Amino acid sequence: MNTTYTLTNSFHNTSATVRPVAITEGRFAGMHKISRKTALRLRNELCGIEGCTCGGNFGERGGIVLDVANEDYDRNYIVDLSRNNA
Ligand SMILES: [Zn+2]
């Protein structure tokens, strides 16, 4: 199941939505993927300031934190949604 999460950034007072995609095969089966492109989009929507270190992997600060377990060969993020704080 693909759930939509709303990430927030309490420093810039912004929010952005993301729907991690379920991984069904391979070593990351059971986890979810957030593509590198989506991660960059989230960072841009939540912060957007070059060199700003206000947020986490996806530009989030406060609110929901998605637990990054790994990155694949294309630098997409593998997140473990069983370990997020939502
Ligand atoms: Zn920022």
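Author: Let's start at Leu-46, which touches Leu-7, Asn-9, His-12, Thr-14, Ala-16, Gly-55, Phe-58, Gly-59 and Glu-60, leaving out residues up to four places away in sequence. Touching here means that two C-beta atoms, placed from the backbone, lie within 7 Å. Before going on, a caution: this is a predicted model, where local features need pLDDT of at least 70 and side-chain atom pairs count only at pLDDT 80 or more, while totals for chains, interfaces and linings use all residues. Residues are numbered from 1 along each chain as its sequence is written.

Leu-46 is one of the buried residues of α1, along with Leu-42 and Arg-43. Look down the axis of α1 and these buried residues fall within an arc of 100°, so they line one face of the helix; the arc is that of the directions from the helix axis to the C-beta atoms. Buried means 20 or more other C-beta atoms within 10 Å of a residue's own, exposed means 12 or fewer, and partly exposed is in between, with the C-beta atoms placed from the backbone. Turned away from the buried side of α1 is a face with the exposed residues Lys-37, Leu-40 and Asn-44. The cover over the buried residues of α1 includes β1 (5–9) and β2. Those names come from DSSP runs numbered from the N terminus: helices are H or I with at least four residues, strands are E with at least two. Just past α1, Gly-48 has a positive phi of about 80°.

Now zoom out a bit. Leu-46 belongs to the largest nonpolar core, whose twelve residues are Leu-7, Ala-16, Val-18, Met-31, Ile-34, Leu-42, Leu-46, Cys-47, Phe-58, Leu-66, Tyr-77 and Val-79. Two or more of them come from each of β2 (14–18), α1 (36–46) and β6 (77–79). By nonpolar core I mean a set of buried Ala, Val, Leu, Ile, Met, Phe, Trp, Tyr and Cys residues joined through C-beta atoms within 7 Å.

Val-79 counts as buried because it has 25 C-beta neighbours inside 10 Å. Its contacts beyond four places in sequence are Pro-20, Met-31, His-32, Ile-34, Leu-66, Asp-67, Val-68 and Ala-69. From Val-79 to Ile-34 is 45 residues along the sequence, but 7.3 Å in space, C-alpha to C-alpha.

Four strands form an open sheet, ordered β3-β4-β6-β5, with antiparallel pairing; strands pair if DSSP finds at least two bridges between them. At the edges are β3 (21–22) and β5 (68–71), each pairing on one side only. β5 and β6 are antiparallel over three bridges, and Val-68 stands opposite Val-79 in β6. The hairpin of β5 and β6 has five residues between the strands, and Arg-75 there takes a positive phi near 65°. Over at β3, two bridges join this strand to β4 (residues 32–34), again antiparallel, and Ala-22 has His-32 in β4 as its bridge partner.

Buried residues make up 22% of the 86 residues.
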